[in-house]
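Here's a quick briefing to read alongside the coordinates. Have the viewer open and follow the residue numbers as you go.

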Amino acid sequence: HCFLKMSSPSSYSGPLVSPSSSSTMNSSGNVNGNGNGNGNGSVGYLSATILSVYDIPPKEDGTGGSPSPSYVSMSVLGKEVKTGPPSFKHKQMNNFKFMVEKSNTKNSVATSNTTSNTTSNTSNTSNNTSKNVLKLSAPLAVFYPTTATFRVVFEDRETLVARCRLSSTLQINQTQWLILNLYPETSYNNTNDNNDDNTTDTSTTGNNNKDAEHQPTLRIKLCLAGPYRTEIATITSLAQSWFTIMDSLTSATSSTYNSITNLLPHKLPPAKILLVPTVPIAAASVALLPVVLGVLTLGLPFFLPIIILTVAILLGTFGLGSAIYFSSPSGRTSASAILQPIYSTFCSTNSGQRLLYQTGPRPSPASLARTIMPTDIMGKLIVSLVIDFIGSSSYLLPIVGEGFDVAWAPIQTILLMALYDASMPSLKYISFMEEILPFTDVLPSGTLGWVKEYSPLLMEEGLKKVEDLRVVMRGEREAFSATGMGVGVGMGRRS
């Protein structure tokens, strides 16, 4: 209610692009020419909704007037798209708001630069086009590492500029609300000629610093949208098909399931009756337990393969049952409560973005493992001990275990690369040879990497503790000596 509506034309048709020799843009903002990927499967879309411009400095001519922006532009990949003028101005402050104003189909088609290839999709896009929404499209791998430049242009004062590096600010397919600090274009370019990533002032909350109270800011909504990688899209499609089948089976068998879980327990005999056969069976089991344990201990080499096979069958049955349950609607609801935070955290990492979306080269297995590996000293020690235990467990089966080492060797190497590649690059070769060669699993590669990384720190801390203890002991000895001398002097005086 503090903003006054400004006079502006009913529809705005500004230039969408600036000429460039390296690439071209069609009327919908599509960049053609430079970039990787072909077809719609790799195209990304950058959408910026200009909300408002706050705390514009007064005119420099001494009149104290408040200049009004002519438009706000967004430049990416050498292309520029512009908004119309602001719709509202604050009654007392130099704040301007850009409102969503939908245009009708007739005006949109008349003011657009589209050619005769206008389709129904283009018409729908035109109907929903607002003068404060800026859109560009290009291959996602080209968009992701670039920097978007926003300019607030005036007729009677210097342009204000802000930049935003997309890869460090945005997550694919998630809208981010940003507050960008604006700077005069001349001083901004002189200060940041060699630094494109100077948008650390972006934030979703206000700035409480009094020195920055009147810093000009640009409020925007920014979203970079793009498709999944082909393999991720295939897995997602298969999962959706599987969930659809499970939903159909669940709805078809819901009556039977309710009968088993609700009606059948009421028809069973009381628990007191079941105690009659249970008590002698339990007594016999307790009496025979020492005998069974003794037989298993003496015949462990013979029974171990049978035990492992039984455990494998039980684990397989449990895994199959869990997969079926978590594929049902109720199971998916239970799993989402646990997996959703993990998925969100993984997607927020650079490796997660590169794995899921076509933002460039795929991440290495070590970089993916690094996103889930601990970084603290105790966490790394526990993981290293677990890795060494799994690697040495092949000795439980002297012959079959060596075949297990062939499968475990690359996995262990990747995990140790994620943990200690920065401090001990040669550890990955030691780990792989230790696992792949027979009868060398006794070497604890994980613990060796932990000792190499943290032993200097632990030694330094230990030496500091020893030195501190020496200082304390020296002080105690000096105090004791001074006390002894005082006692001796007092006794001499008395004598």
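This is a predicted model: local features need pLDDT of at least 70, side-chain atom pairs count only at pLDDT 80 or more; totals for chains, interfaces and linings use all residues.

- Five strands make up an open antiparallel sheet, in the order 6-5-10-11-13.
- Strand 6 (79–82) and strand 13 (183–184) sit at the edges, each pairing on one side only.
- Strand 5 (residues 69–76) runs antiparallel to strand 6, and four bridges join the two.
- Ser73 has Lys82 in strand 6 as its bridge partner.

**Nonpolar cores**
- The largest nonpolar core has 38 residues, and Leu46, Met74, Phe150, Leu218 and Leu222 touch the most other members.
- Elements giving two or more residues to this core include strand 4 (43–54), strand 5, strand 10 (147–154), strand 14 (217–225) and helix 3 (140–143).
- Leaving aside residues up to four places away in sequence, Met74 touches Leu46, Ala48, Leu134, Leu136, Thr149 and Phe150, plus Lys79, Glu80 and Val81.
- Another core, of 14 residues, lies apart from that one, with Met373, Trp408, Trp450 and Tyr454 among its members.

- In helix 15 (residues 427–436), the buried residues are Leu427, Lys428, Ser431, Glu434 and Glu435.
- Looking down the axis of helix 15, these buried residues fall within an arc of 135°, so they line one face of the helix.

**Cysteines**
- You'll find zero disulfides here.
- Cys164 is buried, at 0% relative accessible area, and Cys347 is buried too, at 5%.

**Salt bridges**
- Arg151 pairs with Glu185, with the closest N and O atoms 3.1 Å apart.
- Arg151 is in strand 10 and Glu185 in helix 5 (residues 185–191), so this pair ties together parts 34 residues apart in sequence.
- Both ends count as partly exposed: Arg151 at 24% relative accessibility and Glu185 at 23%.
- Arg362 and Glu231 meet at 2.9 Å, N to O.
- That pair links distant parts of the chain, 131 residues apart: Arg362 is in the loop between helix 11 (350–356) and helix 12 (365–370), while Glu231 is in helix 6 (residues 230–252).
- Arg362 is exposed at 51% relative accessibility, whereas Glu231 is partly exposed at 31%.
- Lys464 and Glu460 form a salt bridge at 3.8 Å, N to O.
- Lys464 and Glu460 are four residues apart in helix 16 (residues 445–494), which means about one helical turn separates them.
- Lys464 is partly exposed at 44% relative accessibility, and Glu460 is partly exposed at 44%.

How values were computed: Residues are numbered from 1 along each chain as its sequence is written. Side-chain values use heavy atoms; hydrogens and water are left out. Two strands pair if DSSP finds at least two bridges between them. A nonpolar core is a set of buried Ala, Val, Leu, Ile, Met, Phe, Trp, Tyr and Cys residues joined through side-chain atoms within 4.5 Å. Buried means under 20% relative accessible area, exposed over 50%, partly exposed in between (1.4 Å probe, protein chains only). Contact means heavy atoms within 4.5 Å. A disulfide is a pair of cysteine sulfur atoms within 2.5 Å. The arc is that of the directions from the helix axis to the C-beta atoms. A salt bridge is a side-chain nitrogen of Lys or Arg within 4 Å of a carboxyl oxygen of Asp or Glu.
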